[in-house]
Amino acid sequence: MLHTTENALLRRIAVEQAESRAPSLVAAVVRGNELGWTGARGKVDGTTPTTETQYRIGSITKSFVAALVMRLRDEGRLDLNDPLDKHVPGTAIGAVTIAQLLAHTSGLTSESPGTWWERAEGADFAALDKSLATDALRHRPGARFHYSNVGYGVLGELVARLRGASWLQVLEAEILKPLELNRTTPHPVTPAATGWAVHPYADVLMYEPTPDAVAMAPAGQLWCSVLDLARWNRFVGGDTGDVLNPDTVAEMREPAHIDDDAHWASAYGLGLQVLKINGRRLVGHGGSMPGFLAMNLVDPKTGTGGVIMANSTGGVNIGGVAADLIELTEQHEPALPGEWEPMGEADPVLLALTGQWHWGPTPYVLKLLPDSWVSLTPVSGRGRQSRFRPDGQDCWTGLDGYYSGETLRAHRDTTGAVTHLDLATFVFTREPYGVPESIPGGVDERGWRTAGS
């Protein structure tokens, strides 16, 4: 990056470390599929932390667990609407669905009953399940967003049951190794930062414990280096390697429930937080454990991401810093659009479908996209619009917007010519209300006329 950009980024983390009195912090900026910048302030064991120094990332762990669950979904091993009892039978919470657990809408208690799990040695899933036998629900399942660490402990057990190995073993085999996240581990591996609490009224520290959470570990156990977290940032932004289809990660990024419904600045998808900051929709996850804070955010539209980790229990504005790293980068070095290139090939049958279509009197444009995808957009730019993925002959499935999941179908006459498009029962014709026999309710036989005629 330009020296001016690097200086602005370094100053941002330097101010945060000094004013928040963080023992140390590390940060990085991602640009598309590349690491753009890293920086560090403070000391770990008397020296400046490096890109290999591990910090505990807390609830960012949840996004890893969610990716494991989505892999199972994509393989057909489960459906997100399945009740938990179908795969983990016999629990007291078997009626909640997998989707509800992923999106924190299950109604489950936020913390595991009993001892404060973040600061105490954990127990196995049998003990966690027993503790949930009574009074586990705080809300009706599906009624509202209620963040639940317990829910992700349960999802870790779900992964273990379906894979026949611990969630950590599955994580290592299916995500960490393929993405070469060699410094992401369940326990610290030197060099690693010590977790501290900073006295509120004096510049002194207190050591924070880092016990093994066992059954609750999927809620916040992992340790990570800034290089590894930057790679995970790219994953969340869509550079998924062979771990997940980018469309699946895009599905995870979509808000499943709004957290703040006033002007919605905060929402939650399937294992990922969605935030509106500085006019941008940022996705990722934050994390906190005693002695540690972390944040992973990316703007999927530009591919610019910011990550930060600190070894302090509180006081560091990690969300604000990560968002500022993205904003500063975009201000100093705006992301360039990808170079336009013509398609390698285009099916002439599909090419013939492109152009203007009308829903009633409203003109739309159908465009051909790579891989035989199409898009349907109002000419005015206002209204319902979606991209569609091919799903058989003359058939496509909506990917986003109002028509997500709906079917777009081209209808042909006996000669093979396309007469109209049907989208979730809405009929589109080449001319406004063209092909009257295809229009539900028919078309006035007098046709178009003036107001007085």
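This is a predicted model: local features need pLDDT of at least 70, side-chain atom pairs count only at pLDDT 80 or more; totals for chains, interfaces and linings use all residues.
Local features need pLDDT of at least 70, side-chain atom pairs count only at pLDDT 80 or more, and totals for chains, interfaces and linings use all residues. Residues are numbered from 1 along each chain as its sequence is written, and side-chain values use heavy atoms, with hydrogens and water left out.

Strands (E, at least two residues) and helices (H or I, at least four residues) are DSSP runs, numbered from the N terminus. Two strands pair if DSSP finds at least two bridges between them.

Strand 12 (304–310) pairs with strand 1 and with strand 11. Strand 1 and strand 12 run antiparallel and are joined by 7 bridges. Here alanine 27 has isoleucine 308 of strand 12 as its bridge partner. Strand 11 and strand 12 are also antiparallel, over 7 bridges. Leucine 293 stands opposite alanine 310 of strand 12.

Strand 12 is mostly covered, with 7 of its 7 residues buried. Buried means under 20% relative accessible area, exposed means over 50%, and partly exposed lies in between (1.4 Å probe, protein chains only). Thr304, Gly306, Ile308 and Ala310 point one way from the strand. Gly305, Val307 and Met309 point the other way. Residues on both sides of strand 12 are buried.

On its other flank, strand 11 meets strand 10. Strand 10 spans residues 280–289 and strand 11 spans residues 292–299. They run antiparallel, with 7 bridges between them. Glycine 287 has alanine 294 in strand 11 as its bridge partner.

Glutamate 339 lies in the loop between helix 9 and helix 10 (348–351). This residue is exposed, at 73% relative accessibility. Its C-alpha atom is separated by 40 Å from that of threonine 48, which is 291 residues away along the chain.

Charged pairs were examined next. Side chains of opposite charge can pair when their charged atoms come close. The model contains 23 salt bridges, each a side-chain nitrogen of Lys or Arg within 4 Å of a carboxyl oxygen of Asp or Glu. Glutamate 52 and arginine 183 form one of them, at 3.7 Å from N to O. This pair links distant parts of the chain, 131 residues apart. Glutamate 52 sits in the loop between strand 2 (34–42) and strand 3 (55–56). Arginine 183 sits in the loop between helix 6 (167–176) and strand 4 (196–198). Glutamate 52 is partly exposed at 33%, whereas arginine 183 is buried at 12%.

Arginine 119 and glutamate 208 form another salt bridge, with the closest N and O atoms 2.5 Å apart. They too link distant parts of the chain, 89 residues apart. Arginine 119 is in the loop between helix 3 (98–103) and helix 4 (125–131). Glutamate 208 is in the loop between strand 5 (205–207) and strand 6 (223–224). Arginine 119 is partly exposed at 35%, and glutamate 208 is buried at 7%.

Arginine 138 forms a salt bridge with aspartate 135, at 3.4 Å between the closest N and O atoms. Arginine 138 is partly exposed at 41%, while aspartate 135 is exposed at 59%. Elsewhere, salt bridges with shared partners join Arg71, Glu75, Arg163 and Glu174 into one network.

Cysteine 224 is buried, at 0% relative accessible area. Cysteine 395 is buried as well, at 8%.
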